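Let us walk through this model step by step. Keep the sequence and the 3D view side by side.

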Amino acid sequence: MRLAHVSIGGRGETDRFLAAVARRLETAGVRLAGTVQTNISRADRTRCDMDLRVLPDGPVVRISEDRGAAARGCMLDHGALEQTVAEVARRLDGAGVLIVNKFGKAESEGRGLVPVISEALARGMTVLVGVNGLNLPLYLDFAGGLSEALPPDEAAATGWCLAEVCDHVE
């Protein structure tokens, strides 16, 4: 199985990391599928706006709902997430690596990008998943002990993906 995950502390750090790894892989000529997230802070809000870029070439989809300045709970727009999942699924053909920005609450419930992760693995694709500390135990259960933990090092994660893609092609 070609499955690995990264879990980096600090708000938005895993998002920045995966976007950088995606850029490196694209530069190396790897065709990508999946999502990378950008968080946009707003001075008048306690929560940031969350945008997902569907790899390799968009669209960018806002997956957060603006519930006002005092909002505290989950702001995920489930309809926008499902739109993104459909876009990612359409792009699996021909891709070498699937990058999943986050194994979050939806994924821990078997929704979100879980079907796409499963399909990519069934196709023998290389899959790199971002996981926050809160959902790490649920992700590890989902992965059944088959996911490799990668260090928060862009070169190492890029190298792992390249090695996996090259092994799969040969």
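In helix α2, the buried residues are A80, L81, T84, V85, E87 and V88. Look down the axis of α2. Its buried residues fall within an arc of 165°, so they line one face of the helix. The helix itself covers residues 78-90, which makes 13 residues. From first C-alpha to last, α2 reaches 19 Å. That is close to the 18 Å expected at 1.5 Å a residue.

Now step back. The model is predicted. It holds six helices and seven strands. Read from the N terminus, the order of elements is β-α-β-β-β-α-β-α-α-β-α-β-α. The protein has 170 residues, and 46% of them count as buried. Its accessible surface comes to about 8,100 Å². Carbon and sulfur atoms account for 53% of that surface. Consider next the contacts between residues at least 6 apart in sequence. Of these, 66% join residues at least 24 apart.

G112 lies in the loop between α3 and α4. Is G112 buried or exposed? Its relative accessible area is 3%, under the 20% cut-off, so G112 counts as buried. Which residues does G112 contact, once neighbours within four places in sequence are left aside? They are L81, E82, V85, A106 and E107. Two of these contacts, L81 and V85, are listed among the buried residues of α2. For V85 there is a distance to check. The C-alpha atoms of G112 and V85 are 6.6 Å apart in space, while the two residues are 27 apart in sequence.

Turn to the aromatic rings. A search of the whole structure finds three aromatic pairs. One of them joins F103 and Y139. Their ring centres are 5.2 Å apart, with 75° between the planes, and the pair is edge-to-face. F103 sits in the loop between β5 (97-100) and α3 (105-108). Y139 belongs to helix α5, residues 136-143. The pair therefore links distant parts of the chain, 36 residues apart. Both F103 and Y139 are buried.

F103 also pairs with F142. Here the centres are 5.4 Å apart and the planes stand at 35°, so this pair is tilted. F142 is in helix α5 and F103 in the loop between β5 and α3, so the pair ties together parts that are 39 residues apart in sequence. How do F103 and F142 compare in accessibility? F103 has 1% relative accessibility and counts as buried. F142 has a relative accessible area of 31%, and is partly exposed. Together, F103, Y139 and F142 form one aromatic cluster.

With a relative accessible area of 14%, S147 is buried. Leaving out residues up to four places away in sequence, S147 touches L3, A4, H5 and Y139.

Technical notes: Residues numbered from 1 in each chain as written. Predicted model: local features only at pLDDT ≥ 70, side-chain atom pairs only at ≥ 80, totals over all residues. Heavy atoms only, no water. Helix = DSSP H or I, 4+ residues; strand = E, 2+ residues; numbered from the N terminus. Buried < 20%, exposed > 50% of the residue type's maximum accessible area, 1.4 Å probe, protein only. Contact = heavy atoms within 4.5 Å. Areas by Shrake-Rupley, 256 points an atom, 1.4 Å probe, with all protein chains shown as cover. Phe/Tyr/Trp six-rings, centres within 6.5 Å; stacked < 30°, edge-to-face > 60°. Expected span 1.5 Å × (residues − 1). Arc of directions from axis to C-beta.
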